[in-house]
Amino acid sequence: MSTNRVMRAVRLEAPGRPFTLRAVAVPEPGPGMVRLRIGACGICRTELHLRDGGLDLGCRDFTVGHEIAGTIDALGDGVDPHRLGEKAVVYYYRGCGTCHHCRMGETHLCPAPLAQPGFTSDGGYAEYIAVPATHAVPLPGDADLAEAAPLGCAGSTAVHACRMAGIVPGEWIVVNGAGGVGLAVVQVARAAGARVVAVGRGAERLALAREMGAEAVIDAAHEDVGARIRAVTGEGADVVFELVGTEATMRIATAALRRKGRLVLIGYTADSYTVHPVELIVRELKIMGSVGATLQDLHDAVTLFSRGLLRTPVARRLALEEFATGLALTEKGGISGRIVLMPQIAP
């Protein structure tokens, strides 16, 4: 059901084609759902993959954007009336609810999800969105929505990846890639008691990584990354989080691990990961992938955010109409912090 009101929304019509800004109906929340007036939606590199066809989940003609924060302005039947006016960040997975993974709380691994806002269903590059009430995770009343929005992906992804890695206090952690997710991993790992090395490009971005808690930084544009990691850590890293995903960076990440080290793959390109089994066997290395986050991971990210232990620096705040500019800046790279679209500001 929808109202006769319309709103602005940035739509994917087909992979390989530019996104378009269109007028669509304002959604109405069904039973157990809430509608948010979107205050901010972060721009993630995933949107570039959707636009260019590198990530094609088979859906067409939907609103993109999955790092969504806003204010609840309408309630469906059965929702606590006290939630009206509440600030919230959106959890962007809606599983089938009956499979093994959903029963285990691993909704992000559901093989037949009902909806994924911004991926297969309407997302946050718009003025409003309707989601299940349980998926609108409460924020502090004084939260800056532009800073809170990236928690929906970058922040929760970092919490999930660090949880998978099983970080032990005092371990050396290398974060290869100092973008939005990488900076979040730096902070979550630091909060877990790790010693963190951040690898990135550019003095400004690396200075921000230091500010976020990195004990050491490495400029991949000018330094031998592998040699510097060994110089800082001694034998090597206990965990490397790989967010760049090129053949070269994945090879360096594997070599940078100490014996019994763990490699966590988060970022990806068209490149493949290739390693000889002997390299894994003789050093007892563990290789794992980490995708998205559970609903609990997002709640934990919000808790860290509320305590000041997880910041999400915002580089630019753009109007919804400026989405193409934001995507171009994200694609170019080198931005220190997230670019965020804010539907309520004028272009």
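Contacts between residues 24 or more positions apart make up 68% of the contacts in the protein chain with a separation of 6 or more. Contact here means heavy atoms within 4.5 Å. The model is predicted: local features need pLDDT of at least 70, side-chain atom pairs count only at pLDDT 80 or more, and totals for chains, interfaces and linings use all residues. Residues are numbered from 1 along each chain as its sequence is written, and side-chain values use heavy atoms, with hydrogens and water left out.

The protein chain has 11 helices and 16 strands. These are DSSP runs numbered from the N terminus (helices: H or I, at least four residues; strands: E, at least two). The radius of gyration is 20 Å, close to the 20 Å that the globule rule gives for 347 residues, so the chain is as compact as a globular protein of that length. The radius is taken over C-alpha atoms, and the rule is 2.2 Å times the number of residues to the power 0.38. The C-alpha trace spans about 65 × 40 × 40 Å along its principal axes.

Of the 347 residues, 53% count as buried. Buried means under 20% relative accessible area, exposed over 50%, and partly exposed in between (1.4 Å probe, protein chains only). The accessible surface of the chain comes to about 14,800 Å². Carbon and sulfur atoms hold 53% of that surface. Areas come from the Shrake-Rupley method with a 1.4 Å probe; for residues, only the protein chains shown count as cover.

Thr 254 lies in helix H8 (residues 247–255). Thr 254 is buried, with a relative accessible area of 3%. Its side chain reaches the backbone oxygen of Met 250 at 2.9 Å. Leaving aside neighbours within four places in sequence, Thr 254 is in contact with Leu 263, Tyr 273, Val 275, Glu 279, Arg 283 and Leu 285.

Ala 191 belongs to helix H5 (residues 180–191). This residue counts as partly exposed because its relative accessibility is 45%. Ala 191 and Glu 235 are 44 residues apart in sequence. In space they are 23 Å apart, C-alpha to C-alpha.

A search of the whole structure finds 3 aromatic pairs. Rings of Phe, Tyr and Trp (its six-membered ring) pair if their centres lie within 6.5 Å; planes under 30 degrees apart count as stacked, over 60 as edge-to-face and the rest as tilted. One aromatic cluster is formed by Tyr 91, Tyr 92, Tyr 93 and Phe 119. Elsewhere, the charged end of Arg 35 sits over the ring of Tyr 128, 5.2 Å from its centre. This requires NZ of Lys or CZ of Arg within 6 Å of the ring centre and within 35 degrees of the ring normal.

Notes:
A polar contact is a pair of N or O atoms within 3.5 Å; within protein, one must be able to donate a hydrogen and the other to accept it, and residues adjacent in sequence count only if both atoms are side-chain atoms.
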